[in-house]
Amino acid sequence: MTAALCLKVLTGPHKGQLFCVRDGRSCIVGRAAECDICLCGAERDRSISRRHCHLWFMSPVVHVADLGSTNGTFINGHRAGDADPDAPRQLFDPRAAIGLARDGDILTIGGTSFQLLIGDCPAPCPETGPAMPVPVDCPLRQVFAAK
């Protein structure tokens, strides 16, 4: 089985959505369409920057770096470290990220909070990129629904 990070949206306009990131992958979270986890739409949280933060999942931890956002990135209420927002993704060094998160921690960007859930993915779900919304019929949804 492959380890997976599930970001469960707890607050904000996207409440209830789940996003999946596979072990060893990184993703950019923000309002911009090019973000891997894009929190956009008619009902969007305007306090989230276009490119807000960078997550790198290396089980059992999630390395978190703020990308120069206006409102900061927080893990359990504590500000996460900053990274160079213009650095190419392949140059991102997760060891440079001051913020480290683990299973069950709360990640807050703008007015949106996520619970970070780490577990084994029982079956492959269709993957469209480094991060994806979890389809309703994906077995991963049942794994994290119980957490």
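The model is predicted: local features need pLDDT of at least 70, side-chain atom pairs count only at pLDDT 80 or more, and totals for chains, interfaces and linings use all residues. Residues are numbered from 1 along each chain as its sequence is written, and side-chain values use heavy atoms, with hydrogens and water left out.

The accessible surface of the chain comes to about 7,100 Å² (Shrake-Rupley method, 1.4 Å probe; for residues, only the protein chains shown count as cover). Carbon and sulfur atoms hold 53% of this surface.

The chain has 13 strands and one helix (DSSP runs numbered from the N terminus; strands are E, at least two residues, and helices H or I, at least four). From the N terminus on, the order is β-β-β-β-β-β-β-β-β-β-β-β-β-α.

The largest nonpolar core has 24 residues (a core is a set of buried Ala, Val, Leu, Ile, Met, Phe, Trp, Tyr and Cys residues joined through side-chain atoms within 4.5 Å). Leu7, Leu55 and Val62 have the most contacts inside this core. Two or more residues each come from β1 (2–9), β2 (18–22), β3 (26–30), β5 (53–58), β6 (61–66), β11 (106–109) and β12 (112–121). Strand β1 gives the most, with four residues. In soluble globular proteins, nonpolar side chains tend to be buried together.

Neighbours within four places in sequence were left aside. Leu7 is then in contact with Gln17, Leu18, Phe19, Val21, Ile37, Leu55, Leu107, Phe114, Gln115 and Leu116.

Two residues of strand β3 were also examined. Ser26 lies in this strand. Ser26 counts as buried because its relative accessibility is 8%. Its side chain makes a polar contact with the side chain of His54 at 3.3 Å (a pair of N or O atoms within 3.5 Å; within protein, one must be able to donate a hydrogen and the other to accept it, and residues adjacent in sequence count only if both atoms are side-chain atoms).

Gly30 also has its place in β3. Gly30 has a relative accessible area of 0% and is therefore buried. Not counting residues up to four places away in sequence, Gly30 touches Cys35, Ile37, Cys38, Leu39, Ile48, Ser49, Arg50 and His52. Gly30 and Ser47 are 17 residues apart in sequence. Their C-alpha atoms are 10.0 Å apart in space.

Note on methods
Buried means under 20% relative accessible area, exposed over 50%, partly exposed in between (1.4 Å probe, protein chains only). Contact means heavy atoms within 4.5 Å.
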